[in-house]
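These are my notebook entries on one protein chain. I record what I looked up, entry by entry.

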Amino acid sequence: KSVADVLEFFASLPEPEEILALRPAKGLQQKIDQLLEKNRREGLNESEEQLWASYEFIEHLVRIAKAKALKQLKK
C-alpha cells in the first residue's frame, strides 16, 4: 500500500485481522528498499530524507495499530 492508501485504510476503521494483515504494496516496498540502499551507498538528498521520514512515520503508525489489534484479538 502507498502512504495515502495506509491513511485511507485506517480511516475506514478496519477490523483487527485486517490491520494485522496489512503489508506494503510491492512498489512501495521496492521504493523503500531503493532508499535504504542509496542511503547505505551515498546518502539521501533532502527530498529523499523527507520521503524517508514519511515512511518512518507511517511505519510507526502501523506498528502501533498492529499492537493494538493484537491486544483486541487476545481479549
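**Entry 1: Glu48 and Lys38.** I began with E48 and listed its contacts, where contact means heavy atoms within 4.5 Å. Leaving aside residues up to four places away in sequence, E48 touches L35, K38 and G43. E48 is found in helix α4. I looked up its exposure next, with buried meaning under 20% relative accessible area, exposed over 50% and partly exposed in between (1.4 Å probe, protein chains only). E48 has a relative accessible area of 15%, so it is buried. I then turned to K38, which is placed in helix α3. With a relative accessible area of 17%, K38 is buried. Its contacts, not counting residues up to four places away in sequence, are G43, L44, N45 and E48.

**Entry 2: basis of the values.** I note that this is a predicted model, in which local features need pLDDT of at least 70, side-chain atom pairs count only at pLDDT 80 or more, and totals for chains, interfaces and linings use all residues. Residues are numbered from 1 along each chain as its sequence is written, and side-chain values use heavy atoms, with hydrogens and water left out.

**Entry 3: overall form.** I find four helices and zero strands in the protein; helices (H or I, at least four residues) and strands (E, at least two) are DSSP runs, numbered from the N terminus. From the N terminus on, the order is α-α-α-α. The radius of gyration is 14 Å, well over the 11 Å that the globule rule gives for 75 residues, so the protein is more spread out than a compact globule. This radius is taken over C-alpha atoms, and the rule is 2.2 Å times the number of residues to the power 0.38. I read spans of about 45 × 20 × 20 Å for the C-alpha trace along its principal axes. Of the 75 residues, 25% count as buried. Among contacts between residues at least 6 apart in sequence, 56% join residues at least 24 apart.

**Entry 4: helix α4.** I looked up the length of α4: it has 29 residues and reaches 42 Å from its first C-alpha to its last, close to the 42 Å expected at 1.5 Å a residue. The expected span is 1.5 Å times one less than the number of residues. Which residues of α4 are buried? They are E48, W52, Y55, I58, V62, A65 and A69. The buried residues of α4 pack against α1, α2 (16–20) and α3. K68 also lies in α4, but at 57% relative accessibility K68 counts as exposed.

**Entry 5: largest pocket.** I then examined the largest pocket, which holds about 340 Å³ of space. Its lining has 17 residues, of which P24, I32, Y55, I58 and E59 lie nearest the centre. The elements giving two or more residues to this lining are α1 (3–11), α3 (26–41) and α4 (46–74). A pocket here is an open set of points on a 1 Å grid over the protein atoms alone, where a 1.4 Å probe fits, with protein on both sides within 12 Å along at least five of seven lines; lining residues have an atom within 4 Å of a point. Grid points are joined across faces, edges and corners, and the volume is the space filled by probe spheres set on the points. α4 gives the largest share of the lining, eight residues.

**Entry 6: Leu13.** I noted a positive phi of about 55° at L13, although L13 is not a glycine. L13 sits in the loop between α1 and α2.
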